[in-house]
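Subject: Structure handover

Dear colleague,

Please find the structure below. My notes on it follow, and they can be read alongside the coordinates.

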Amino acid sequence: MVDKPTVLFVCVHNAGRSQMAAGYLRALGGDDVEVLSAGSAPKDTINPVAVEAMAEEGIDISTNIPKILTVDAVRESDVVITMGCGDACPIFPGKRYEDWELDDPAGQDIDAVRPIRDDIRARIEALVADILPTAAR
């Protein structure tokens, strides 16, 4: 059995961008990838507008719970994607790190969140093609 790649999405609150990215990767990568998300200062709940935007895509993130970023989560990940968390993310040699510059959906209405969601989807599709090149997607 080939080990599945593990991808960790990190943003400050783990309530919007990282949750949308994780939702897309779970949907597009299926069982071929392990998906984690966390925040350096997580909120208590997921951003309801992010939930609404993803529901429009048929992806339910409403039951997700924001989690605190841990060193272990970074250590066990093959790819770490940060979204505006600055220096809060520990760096380990041999990991692939990407920083995605995305607007924060916090406090935005659905019309402002849709383009953020669509940008995330395009980035996830490229990531899936890169880390799961044999996946028939």
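**Notes on the structure**

Glu76 sits in the loop that joins α3 to β3; here helices (H or I, at least four residues) and strands (E, at least two) are DSSP runs, numbered from the N terminus. This is a predicted model, in which local features need pLDDT of at least 70 and side-chain atom pairs count only at pLDDT 80 or more, while totals for chains, interfaces and linings use all residues. Residues are numbered from 1 along each chain as its sequence is written, and side-chain values use heavy atoms, with hydrogens and water left out.

The classes are buried for under 20% relative accessible area, exposed for over 50%, and partly exposed in between, with a 1.4 Å probe and protein chains only. Leaving aside residues up to four places away in sequence, Glu76 touches Thr6, Leu36 and Lys95, where contact means heavy atoms within 4.5 Å. Between Glu76 and Asp32, which are 44 residues apart along the chain, the C-alpha separation is 16 Å.

Lys95 belongs to the loop between β3 and β4 (96-99). Its relative accessible area is 23%, so Lys95 is partly exposed. With residues up to four places away in sequence again not counted, Lys95 touches Val74, Arg75, Glu76, Ser77 and Asp78. Lys95 and Glu56 are 39 residues apart along the chain, and their C-alpha atoms are separated by 33 Å.

Val74, one of the residues touched by Lys95, is part of helix α3 (residues 71-75). Val74 counts as buried because its relative accessibility is 0%.

Most residues other than glycine have a negative phi. Asn14 has a positive phi, near 50 degrees, and is not a glycine. Asn14 lies in the loop between β1 and α1, and at 0% relative accessibility Asn14 counts as buried. Just after α1, Gly30 also takes a positive phi, of about 55 degrees.

Helix α1 covers residues 17-29; at 1.5 Å a residue its 13 residues should span 18 Å, and the end C-alpha atoms are 18 Å apart, which agrees. The expected span is 1.5 Å times one less than the number of residues.

How many of the 13 residues of α1 are buried? Eleven are, so α1 is largely enclosed by the rest of the structure. The buried residues are Arg17, Ser18, Gln19, Met20, Ala21, Ala22, Gly23, Tyr24, Leu25, Leu28 and Gly29. Their cover includes β1 (6-11), β2 (34-39), α2 (48-55), β3 (79-83) and α4 (110-131).

**Packing against α4**

The axes of α1 and α4 are 9 Å apart and the helices pack at an angle of about 45 degrees. Axes are lines fitted to C-alpha atoms, for helices over the stretch in contact, and angles run from 0 to 180 degrees between N-to-C directions. α1 and α4 are therefore oblique to each other; angles under 35 degrees count as roughly parallel, over 145 as roughly antiparallel, 65 to 115 as roughly perpendicular and the rest as oblique. The crossing of α1 past α4 is right-handed, meaning that the near helix is turned clockwise from the far one by less than a right angle (left-handed if anticlockwise).

On the α1 side the contact is made by Arg17, Met20, Ala21, Tyr24, Leu25, Leu28 and Gly29, and on the α4 side by Val113, Ile116, Arg117, Ile120, Arg121, Ile124, Glu125, Leu127 and Val128. These residues divide into eleven nonpolar, one polar and four charged. Ala, Val, Leu, Ile, Met, Phe, Trp, Tyr, Cys and Pro count as nonpolar, Asp, Glu, Lys and Arg as charged, and the others, Gly among them, as polar.

α2 and α4 cross at roughly 60 degrees, and their axes come within 9 Å. That angle makes α2 oblique to α4. α2 passes α4 in a right-handed crossing. Val49, Ala50, Glu52, Ala53 and Met54 of α2 meet Ile110, Val113 and Arg117 of α4. The contact of α2 with α4 has six nonpolar, no polar and two charged residues.

Ala55 is also in helix α2, and at 48% relative accessibility Ala55 counts as partly exposed. From Ala55 to Ala106 the C-alpha distance is 17 Å, at 51 residues apart in sequence.

Regards
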